[in-house]
Amino acid sequence: MPTSRASVRTARATRYLTQLRKHTDRIRHHNGALTEWSDTEGTIELPWGRCTLRTSRDELTLHAEAENNERLRRVQDAITTRLQTIGRRDALTIAWTRSAASIVEALTAPAGRADPFPLYAEAHELGPVSAIADTWFLVSGYAAVDQVLRNPDFGPSPRSPEPRNPDLPSMSRSILWADPPDHGRMRSLMSQVFTPRRVAALRPAIETAVESLLDGLDGDPVDFMDRFAFPLPITVIGEMLGVPPSDRDRFRPLATDLTEALELPALTSRSTAAESAARELGEYFTALIRDRRAHPRDDLVSALVTTDGRLTDDQLLANLILLLVAGFETTTNLLGNGLALLFDHPEVASAIRSGELPAEQFVEEVLRYDSPVQITTRTARTETLTIAGTPIPKGSQVVLLIGAANRDPSRYPDPDRFDPSRRDTKPLSFGAGPHICLGNALARLEAAIAFPRLLTRYPAISPSTPPTRRDRLTLRGHTTLPIHLNGV
Ligand code: HEM
């Protein structure tokens with residue numbers, strides 16, 4: 001249940017309590033306020049929730065609770081207004097701090113999804129880890145998120161919605177949600193195709209893809225998401241997997257539907273769109289696997305099918321779908337989030353164009369400041385686990401706010417400032433520990449090649465109508481980002 005607290009420094013706490021009691025007794029017939037009082041404590045039941053007040057020698061503490069944030073705000077407002085009226089001579093200031101449950105509820109509301117960063121700042125006020133409920137925790141501190149990610153005793157936990165039909169392929173059977181020993185086996189197989197050497201060898205192919213997309217840009221305005229941010233990563237991962245170019249366009253809506261599974265449960269219901277996307281992708285890759293078993297080629301699907309027996313058919317399918325979906329949707333968002341930031345910071349665009357600012361350094365700051373992945377989750381698999389000194393009972397769910405960790409004021413000075421001159425950025429946008437993103441070098445390389453080429457090729461590139469954000473919390477990006485290629 002959303003709750004909030006406020007401490008009011010005052011030597012007259014008892015007097016205020018008494019006055020508040022008299023006031024609520026007077027008006028209870030009007031607004032249904034019911035009260036319980038002792039000399040040092042009182043509870044006011046309002047139509048929207050309740051507030052408990054406690055006094056000490058130099059402090060009045062308030063604890064509000066309500067069913068949801070809207071009601072909580074009304075409780076807070078009612079108490080604040082009344083206290084400020086009766087305490088006007090002392091100019092009382094009442095600053096409420098919301099609980100973790102209230103922050104999570106706000107994060108899952110449309111305004112929180114659109115701009116989660118003020119809520120992350122509130123989470124930092126609570127400390128690196130706080131309880132949402134008995135076995136549900138919110139972790140926002142950089143060191144704490146990093147510690148959990150690196151500890152295999154915190155296992156990955158699917159956020160679902162799982163396809164209702166157990167025969168459908170599901171990302172929860174993929175490496176992303178596997179525990180040892182399955183995870184180690186899948187990881188060692190799949191990492192063979194993502195070695196730094198193999199990724200570096202993709203540079204010429206990425207450069208060619210970038211040039212060809214830039215060549216093909218025309219019209220005014222142009223939607224950057226549609227014409228560049230989406231096609232680049234899908235071309236690269238499509239080439240790697242061996243998916244023919246003519247099939248690639250159909251994956252964008254399918255991925256959008258399927259990645260609902262990465263949202264917090266509060267944001268989703270069992271989605272029929274996710275189910276039908278799972279079915280369609282399943283059929284597609286089943287056919288591709290069959291084809292590569294019969295006619296192996298020099299691509300990733302062939303490489304993975306020839307490791308027969310080490311991955312079950314289900315796992316193979318789930319991992320291919322994961323690679324496709326994780327491989328482009330996140331990188332698409334990195335490109336879109338990066339360009340939007342360049343529009344807000346033209347001096348940074350000039351520095352990249354002139355070569356003064358290495359694109360790699362810019363990309364790290366984009367990843368930190370506006371991470372394409374904002375949240376992941378874990379489950380406590382063993383007893384006696386702690387996070388930043390807080391005991392975490394076995395079976396607890398842990399929500400890791402990657403986006404908040406990346407803006408932790410104790411890790412980054414002035415964290416809400418976009419500053420590509422930062423050093424030692426090391427954002428947690430790709431995770432950390434055993435599940436650290438397999439494609440992180442590839443995504444970084446694509447972005448580091450794309451931005452300087454885009455800025456040099458179109459020096460007057462500028463925003464057109466305002467971009468639209470995707471209504472998602474976990475995978476943060478844009479639906480559209482209209483641009484003028486040659487200025488207005
Ligand atoms: C900007 C782009 C990307 C971002 C921000 C990103 C982010 C992440 C994060 C945060 C995780 C860890 C999740 C967790 O521990 O709960 C992850 C895992 C993973 N990512 Fe990425 N990713 C990106 C691009 C890619 C690409 C291009 C690929 C593949 C081509 C890829 C493949 C994977 C795979 C296979 C895993 C699972 C690794 C494992 O569980 O061992 N990702 N990614």
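1. A pocket, as used here, is an open set of grid points with protein on both sides within 12 Å along at least five of seven lines. By that definition, the second largest pocket holds about 200 Å³ of space. The model is predicted.

2. Stay with the second largest pocket. Its lining counts 16 residues. A340, L341, D344, R469 and H478 lie nearest the centre. Helix α15, residues 313-344, gives the most to this lining, with five residues. By class, the lining splits into eight nonpolar, six charged and two polar residues.

3. Turn to the largest pocket. The space in it is about 450 Å³. It is lined by 16 residues, and R198, L202, E239, M240 and D298 are the closest to its centre. Three helices each supply at least two lining residues: α9 (203-216), α11 (231-241) and α14 (300-305). Ten of the lining residues are nonpolar, four are charged and two are polar.

4. Now the ligand. Where does the ligand sit? It sits in the largest cavity. A cavity is a set of points where a 1.4 Å probe fits but cannot get out.

5. The ligand carries an iron atom, and C437 is its only protein donor. The donor atom is SG, at 2.2 Å. C437 belongs to the loop that runs between α18 (402-405) and α19 (440-457).

6. Which residues come nearest to the ligand? They are H183, R187, T376, H435 and C437, out of 26 residues around it.

7. A polar side-chain atom of T376 is 2.6 Å from an oxygen atom of the ligand. For H435, a side-chain N or O atom lies 2.6 Å from a ligand oxygen atom. I175 takes part through its backbone: a polar atom there is 3.3 Å from an oxygen atom of the ligand.

8. Which elements build the shell around the ligand? At least two residues each come from α7 (182-191), α15, β11 (375-380) and α19. Helix α15 gives the most, with seven residues. This helix also gives the most to the lining of the second largest pocket.

9. Last, the make-up of the ligand shell. It has 15 nonpolar residues, nine polar ones and two charged ones.

Methods:
Residues numbered from 1 in each chain as written. Predicted model: local features only at pLDDT ≥ 70, side-chain atom pairs only at ≥ 80, totals over all residues. Heavy atoms only, no water. 1 Å grid on protein atoms, 1.4 Å probe; cavity = no way out; pocket = protein on both sides within 12 Å on 5 of 7 lines; lining within 4 Å. Points joined across faces, edges and corners; volume = space filled by probe spheres on them. Helix = DSSP H or I, 4+ residues; strand = E, 2+ residues; numbered from the N terminus. Nonpolar A, V, L, I, M, F, W, Y, C, P; charged D, E, K, R; others polar. Donors = N, O, S within 2.8 Å, 3.2 Å for Na, K, Ca; no water. Near = heavy atom within 4 Å. Polar contact = N/O pair within 3.5 Å; in protein donor to acceptor, adjacent residues only side chain to side chain. Sits in = over half its atoms within 2 Å of the grid points.
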